[in-house]
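Hi everyone, thanks for making time for this one. Let me put it up on the screen, and then we'll walk through a few places together.

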There are 2 protein chains.
Amino acid sequence: MNRSTHDTEPSAQDLPTGRPQLSQASAALTYEVTALDERGRSSAIHIPAERPLTVYVDKRELVTLMTLGGAPELLTLGYLRNQRLVRSIEDIVSVQVDWSVDAVAVVTKSGIADVEERTAKKVVTTGCGQGSVFGGLMDEVDQITLPLDARLTQSTVYRIVETIRSQQSVYKQAGSVHGCALFSNTGELLWFVEDVGRHNAVDAIAGLMWLEGMAGADKVFYTTGRLTSEMVIKGAQMGIPFLLSRSGTTEMGHRVAEKVGMSLLARCSGRHFLLLAGKERLVFEPEVLDALESHLRRPAARAGDEVQCP
Amino acid sequence: MNRSTHDTEPSAQDLPTGRPQLSQASAALTYEVTALDERGRSSAIHIPAERPLTVYVDKRELVTLMTLGGAPELLTLGYLRNQRLVRSIEDIVSVQVDWSVDAVAVVTKSGIADVEERTAKKVVTTGCGQGSVFGGLMDEVDQITLPLDARLTQSTVYRIVETIRSQQSVYKQAGSVHGCALFSNTGELLWFVEDVGRHNAVDAIAGLMWLEGMAGADKVFYTTGRLTSEMVIKGAQMGIPFLLSRSGTTEMGHRVAEKVGMSLLARCSGRHFLLLAGKERLVFEPEVLDALESHLRRPAARAGDEVQCP
């Protein structure tokens with residue numbers, strides 16, 4: 001930890017109440033390396049960054065997260081939120097990232113309660129590395145019921161899929177990252193974030209929602225990654241009734257979605273998807289699909305037409 | 001934890017020295033669920049299992065791993081090994097999985113030393129959930145140098161890629177899992193394992209190598225997942241000089257590979273690959289590639305031939 005960070009840090013008492021003060025630390029998201037292909041030909045390719053970010057809460061080391069580094073402040077907030085280490089955003093005074101030492105200093109008003117007890121019981125999750133979800137997670141899940149009256153139309157699903165497809169991203173340049181996005185239930189993109197682990201990407205979204213005081217009931221959560229139990233649980237904790245992915249699901253992801261009443265759409269790609277849970281919330285629009293398919297369909301060859309190879 | 005497991009457990013003193021006693025717990029690896037497609041048509045699809053496995057060491061709860069459940073005993077062994085919680089396989093008396101309570105009971109000869117201290121400093125990794133890698137990981141990495149004289153031929157790379165392609169797998173039936181495989185450096189498949197997180201699959205391989213006393217120097221490690229720092233570090237800890245993946249790498253995965261002298265082959269698919277680190281160990285065989293390409297190439301159309309559409 002860079003000492004100067006501590007020396008210049010205001011004490012909790014000096015700061016106004018309300019929103020925490022966040023740094024805006026930026027770091028390179030991709031690197032160029034030299035690769036040899038199967039012919040031994042050398043070329044430069046881009047790979048995504050992966051860097052450690054050690055979280056210090058009130059000068060005490062808590063955890064080291066491995067991250068792309070695109071949204072470290074919101075990742076830190078979301079980590080503290082999703083691990084239930086801090087109850088209210090008002091309890092956080094500041095979140096200051098210093099990439100020169102790969103660290104983030106969090107100052108709270110009253111500290112983390114029972115940190116030893118809370119970190120003693122660990123769940124190492126399926127999700128790419130978000131890892132240790134501290135005890136009592138499933139007890140919390142049992143208390144969640146997502147709003148039954150929320151609806152999502154098929155055309156909104158397609159709008160979301162198309163928005164993601166056309167999104168500028170580290171993935172397009174360098175591959176090997178997962179993306180998560182928060183949408184309104186009318187398909188408006190609110191925020192898109194990528195990270196080397198999808199757990200980090202979803203934590204950053206949770207951090208944003210926490211910071212901005214956003215409700216989940218009228219939102220849609222999209223991830224490029226698989227819908228494992230961890231992703232479904234985090235979506236449920238954010239109160240979001242719709243979870244979409246271009247990938248598939250696992251048995252426990254499916255079971256938790258059914259338990260909390262989440263609508264789960266897997267394998268979203270082009271006009272295809274598989275609705276796996278919370279089926280009553282999706283508004284099917286056959287006419288939208290018909291129009292899309294007739295647009296995609298090439299005119300059939302008529303007798304006498306020249307045959308053209310593609 | 002099921003009490004009866006404890007009641008019938010022999011004490012450490014009663015057991016012979018040498019290999020630990022392992023249960024052979026089996027569980028369903030896939031489940032059938034009903035999905036609606038974009039036309040609202042119902043169909044049954046398969047999804048992989050994802051189940052909690054709570055690890056008790058000498059009756060004390062250590063961690064809960066989320067796993068497919070295909071190789072729970074080896075996963076447990078590899079977890080203890082890769083976290084450096086037990087130094088020698090001889091220290092482990094038994095590993096007994098009981099799926100009726102989603103738990104595994106590990107009995108050791110002398111317990112885990114300094115568990116509080118070792119678990120206090122956490123690294124939450126990029127890898128799908130293996131998560132908490134306890135302190136001092138990078139210090140350990142600094143001490144690893146992989147054998148410089150190891151070689152891998154291009155034809156062996158292709159043999160490995162083809163073996164993986166034709167492998168029966170949960171992935172082919174249900175998707176949403178990662179596979180890892182251990183090969184000899186002549187391309188013989190030694191073991192293939194899948195899990196919902198690639199961290200678990202690599203831990204299971206580490207467990208097998210630990211149990212069987214296998215050296216890493218003459219092995220090749222293949223993963224379907226990305227080559228993040230965690231995967232490279234674990235490969236290095238197993239002493240394996242070759243790491244292959246059908247996916248890409250990250251900057252830190254690349255950097256650690258260069259530091260420990262690991263040969264990293266990313267984007268292995270068909271005859272293509274990208275050699276990213278440890279380049280001197282790969283034996284290029286242009287004649288093998290030529291033969292493969294001429295086999296794949298369709299005969300060119302000659303003038304006067306009928307044009308046939310595919």
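This is a predicted model: local features need pLDDT of at least 70, side-chain atom pairs count only at pLDDT 80 or more; totals for chains, interfaces and linings use all residues.

Setting aside neighbours within four places in sequence, B:Val202 is in contact with B:Asn82, B:Cys180, B:Phe221, B:Met231, B:Lys234 and B:Met238. The residue itself sits in helix H7 of chain B, which covers residues 198-212. Is B:Val202 buried or exposed? Its relative accessibility is 0%, so B:Val202 counts as buried. For a sense of distance, take B:Ala150, which is 52 residues away along the chain: its C-alpha atom and that of B:Val202 are 21 Å apart.

Now please look at B:Thr223, which belongs to strand E13 of chain B, residues 219-223. With a relative accessible area of 0%, B:Thr223 is buried. Not counting residues up to four places away in sequence, B:Thr223 touches B:Gly179, B:Cys180, B:Arg198, B:Met231, B:Leu243, B:Leu244, B:Ser245 and B:Arg246.

Staying in chain B, let's move to helix H9, residues 251-260. How many of the 10 residues of this helix are buried? The count is 7, so helix H9 of chain B is largely enclosed by the rest of the structure. The buried residues are B:Glu251, B:Met252, B:Gly253, B:His254, B:Val256, B:Ala257 and B:Val260. Just after H9(B) comes B:Gly261, and there phi is positive, at about 75°.

For a contrast in setting, here is a loop residue. B:Asp58 lies between strand E4 (51-57) and strand E5 (60-67) of chain B. At 32% relative accessibility, B:Asp58 counts as partly exposed. Leaving out residues up to four places away in sequence, B:Asp58 touches B:Val106, B:Val107, B:Thr108 and B:Gly111. One of these deserves a label on the slide: the side chains of B:Asp58 and B:Thr108 are joined by a polar contact of 2.5 Å. And if you zoom out to B:Gln154, 96 residues apart from B:Asp58 along the chain, the two C-alpha atoms are separated by 47 Å.

On to charges. Side chains of opposite charge can pair when their charged atoms come close. Over all chains, the count comes to 24 salt bridges. Let me show you a few of them.

The salt bridge between B:Asp290 and A:Arg39 has its closest N and O atoms 2.9 Å apart. This pair crosses between chains: B:Asp290 is in helix H10 of chain B, residues 286-296, and A:Arg39 is in the loop between strand E2 (30-36) and strand E3 (42-48) of chain A. B:Asp290 is partly exposed at 39% relative accessibility, and A:Arg39 is partly exposed at 32%.

A:Arg39 also forms a salt bridge with B:Glu293, where the closest N and O atoms are 2.9 Å apart. Why does this pair join two chains? A:Arg39 lies in the loop between E2 and E3 of chain A, while B:Glu293 is in helix H10 of chain B, so the link runs from one chain to the other. B:Glu293 counts as buried, with a relative accessibility of 17%.

Here is another salt bridge, between the side chains of B:Arg165 and B:Glu162, at 2.8 Å from N to O. The two are 3 residues apart in helix H5 of chain B, residues 154-165, and therefore separated by about one helical turn. B:Arg165 is exposed at 54% relative accessible area, whereas B:Glu162 is partly exposed at 38%. Back at the chain crossing, salt bridges that share partners join A:Arg39, B:Arg271, B:Asp290 and B:Glu293 into one network.

Last stop, the largest pocket, which has a volume of about 1100 Å³. It is lined by 46 residues, and the closest to its centre are A:Tyr171, A:His178, A:Thr224, A:Arg246 and A:Ser247. Which element gives the most to the lining of this pocket? That is H5(A), with 5 residues. Other chain A elements that each supply at least two lining residues include helix H6 (170-174), strand E11 (178-184) and helix H10 (286-296). By class, the lining has 14 nonpolar, 19 polar and 13 charged residues.

That's my tour, and I'm happy to go back to any of these views.

Notes
Residues are numbered from 1 along each chain as its sequence is written. Chains are lettered from A and ligands numbered from 1 in the order in which they are written. Side-chain values use heavy atoms; hydrogens and water are left out. Helices (H or I, at least four residues) and strands (E, at least two) are DSSP runs, numbered from the N terminus. Buried means under 20% relative accessible area, exposed over 50%, partly exposed in between (1.4 Å probe, protein chains only). Contact means heavy atoms within 4.5 Å. On a 1 Å grid over the protein atoms alone, a cavity is a set of points where a 1.4 Å probe fits but cannot get out, and a pocket is an open set with protein on both sides within 12 Å along at least five of seven lines; lining residues have an atom within 4 Å of a point. Grid points are joined across faces, edges and corners, and a volume is the space filled by probe spheres set on the points. Ala, Val, Leu, Ile, Met, Phe, Trp, Tyr, Cys and Pro count as nonpolar, Asp, Glu, Lys and Arg as charged, and the others, Gly among them, as polar. A polar contact is a pair of N or O atoms within 3.5 Å; within protein, one must be able to donate a hydrogen and the other to accept it, and residues adjacent in sequence count only if both atoms are side-chain atoms. A salt bridge is a side-chain nitrogen of Lys or Arg within 4 Å of a carboxyl oxygen of Asp or Glu.
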